[in-house]
Amino acid sequence: MADFRIRAGKHFLTDNVVGYALSATVGLVVPRLHRVSSGYDAANAPAQDFTGSLIGCAVGAATGVVVLHFYQKLPGTGISAVPGLSQNGYAYAYGGLQLARRWSPWPEWQPNAPALLRPSSPKSSLFFSPTMQLPFVLLTFALLSLSAAGPDAGPISASVPAQVVPAAATERIRALLADTLAKVSPLAQSQQSRMFYRRRAYVPAWSVAQQPSQSARAALALLARAEDFGLLPSLYHVGALQAVADSLTQPQAVVRQTAQLARYDVLLTDGLLTFAVHLRRGRLRAFTPSPLEKAGVPFAPAAWLARALAAPDFAQALLQCQPQQREYQQLQQALARWRRHPVGVDAAQRSRRARQMAVTLERWRWEAIPDADYVLVNLPAYQLEVVRHGRVLQTHRLVIGRPANPTPTLSSRLTSFTIAPEWRVPRRIATGQILPYLHASAHTPSEHDFLADNNYRLFDAHGHELRGADVDWSAVTAQNFPYTIRQSPGCGNLLGNVIFPFANPYGVYLNDGPDPQRFEQAYRALGRSCLQLQHPVQLATYLLGPDAARANLPTEAQCEMEPRPRHFFLKRPVALHVRYATCAVVGGRLRFYEDVYGQDKRLNQQLYGSGITRAF
């Protein structure tokens, strides 16, 4: 019996005194009644007494179970759990039977006892000698007292404090977590709640001396300010918890106080578990693993909550489940400050901005960044940042895909780049954009060659280069286009001077733009899903790190004057994350961006519905 329920002070002694008194009485009376009822037979006396002893144990065990069960329901009688009572009853009955056998007023028990228990037996004479009777009895009492404490249904966590907890409290928590009461008290995290309490043997987690503990008050205060994290307190039972907490301050019967505390305990646990899941994964993707979770090791909110409860600062420990990247942390702190601002005539506008920040935080939880060093693209800001250990080292302007051809969000790695690249025109662009010009030139003969004028080269299906003038373009269709087109490096190349390819299923890449003037415009959703980067050689220099000096990278002007293709492979690949955040803290200031792809509008409706107008 390695795992023992903890009993406290006088209750430990009282429980065992009651148990031994009952079982000793049974041990004295039942065997005697058996001998009287069956008739004394000297020849069979040992068998009779042995049978009586077994009956005494059985009846003593049953008596211990029944009487102790009702005894322990009385106020202040310890914390023994019902599952351990059968062992308690047996231990009490057996121990009491041995005590009765040694001090029985019926001397005929002694010579007629079974051989192993007879004092004259060589195996037992030492233990039942007059000089050893008292030590043996005391030792038996001590050992059986420990075993009578009984094991719990599961091991108690080391973090559970030793305290006197009425058995009714643990039983009530079990009942609240049972499926039969699920409709009466619905729990968002019922499975995780059961796991949390099973680890602590259903001992209440949030009360001390029949009142909410200091950790409980800190936990409820944290849930009450869920809006600081872009979440709604109503999702975490805050109203019900505050009502129960108020009721616990009023005088009431012990039974009702215990029931209210159990309800408070379970609701607070469920609210905190749900809050932790929403902070980690977001409200709308609570069952989808976050990028912060390693493969095969999903987020375990019950274990996380247990660790936070044992930590010196509960709230700080629990909040560590949030994304820790600078973009999320800075925006969450900005939202908390924003909500502290006095509401004035601009209340509606401030409410919309708070909702915008909440929507962005939700999206960051879906697409958290686990890396310390990374390149971040924020599409609504038309901006690329190079981040290392929470510091922004470089900032570049971007041209992104237009709303009809939006740039997707994704995560990948930058592993190489090419200076003065040759552009292999994708088939969809060749047939959709270049072929119409070739059709027009076929119908209107001109001395100009569209392909040659734009630095394009034409190849057949076998890779042989062709002259555009040798092809009857009027007979070529998008479905019948057996050619490939490449654009040579240099001026006019749509890839610009540098391209940064990266693995992704969308055919998107990061490259220099052919028109530098577009980077000066405020609205820069002008491209075709790919990302065009201002000052790409600066990014290339950073990616090469210490090898940049040896690589002798050309300037952008040199690239245009001498477009010689050169390929570079990075010794240390860098993470690339393309995200969609319509607000961010930039240089210590909160900034809001246009919802260029309309994604915030859709997400806002999913989270809050079209009819919700309550301010954050």
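Tutor: We can begin with R307, which lies in helix 11. Keep in mind that this is a predicted model.

Student: What makes R307 count as buried or exposed?

Tutor: Its relative accessibility is 52%, and exposed means over 50%, so R307 counts as exposed.

Student: Helix 11 has a packing partner in helix 10. How are two packed helices described?

Tutor: By the angle between their axes and the distance between the axes. For helix 10 and helix 11 (residues 301-310), the angle is about 110 degrees and the axes are 10 Å apart.

Student: Why are helix 10 and helix 11 called roughly perpendicular?

Tutor: The angle is about 110 degrees, and the range for roughly perpendicular is 65 to 115, so the two helices are roughly perpendicular to each other. The contact is made by T269, L272, L273, V277 and R280 of helix 10 with P301, A302, W304 and L305 of helix 11. Sorted by type, the contact residues are seven nonpolar, one polar and one charged. The crossing is right-handed.

Student: What makes helix 6 oblique to helix 10?

Tutor: The axes of helix 6 (residues 167-177) and helix 10 (residues 254-281) cross at roughly 50 degrees and come within 9 Å. Under 35 degrees would be roughly parallel and 65 to 115 roughly perpendicular, so helix 6 is oblique to helix 10. The passing of helix 6 and helix 10 is also a right-handed crossing.

Student: Which residues of helix 6 and helix 10 meet?

Tutor: From helix 6 there are A168, A169, R172, I173, L176 and L177, and from helix 10 T258, A259, A262, R263, D265 and V266. This contact has eight nonpolar residues, one polar and three charged.

Student: How do you know whether F229 is buried or exposed?

Tutor: F229 has 2% relative accessibility, and buried means under 20%, so F229 counts as buried. It is found in the loop between helix 8 (214-224) and helix 9 (238-248). Leaving out residues up to four places away in sequence, F229 touches L222, F275, L279, L319, Q322, Q332, L335, L361 and R365. F229 and Q333 are 104 residues apart in sequence, with their C-alpha atoms 8.3 Å apart in space.

Student: Why is the pairing of the T418 and H567 side chains called a polar contact?

Tutor: The distance is 2.9 Å, and a polar contact needs N or O atoms within 3.5 Å, one able to donate a hydrogen and the other to accept it. The T418 and H567 side chains make such a contact.

Student: What is phi in A209, and in A420?

Tutor: A209 has a positive phi of about 55 degrees although it is not a glycine. Phi of A420 is near 55 degrees, likewise positive in a residue other than glycine.

Student: Are A209 and A420 buried or exposed?

Tutor: A209, in the loop between strand 1 (207-208) and strand 2 (211-212), has 70% relative accessibility and so counts as exposed. A420, in the loop between strand 6 and strand 7 (423-424), has 4% and therefore counts as buried.

Definitions and conventions:
Residues are numbered from 1 along each chain as its sequence is written. This is a predicted model: local features need pLDDT of at least 70, side-chain atom pairs count only at pLDDT 80 or more; totals for chains, interfaces and linings use all residues. Side-chain values use heavy atoms; hydrogens and water are left out. Axes are lines fitted to C-alpha atoms, for helices over the stretch in contact, and angles run from 0 to 180 degrees between N-to-C directions. Helices (H or I, at least four residues) and strands (E, at least two) are DSSP runs, numbered from the N terminus. Angles under 35 degrees count as roughly parallel, over 145 as roughly antiparallel, 65 to 115 as roughly perpendicular and the rest as oblique. A crossing is left-handed if the near helix is turned anticlockwise from the far one by less than a right angle, and right-handed if clockwise. Contact means heavy atoms within 4.5 Å. Ala, Val, Leu, Ile, Met, Phe, Trp, Tyr, Cys and Pro count as nonpolar, Asp, Glu, Lys and Arg as charged, and the others, Gly among them, as polar. Buried means under 20% relative accessible area, exposed over 50%, partly exposed in between (1.4 Å probe, protein chains only).
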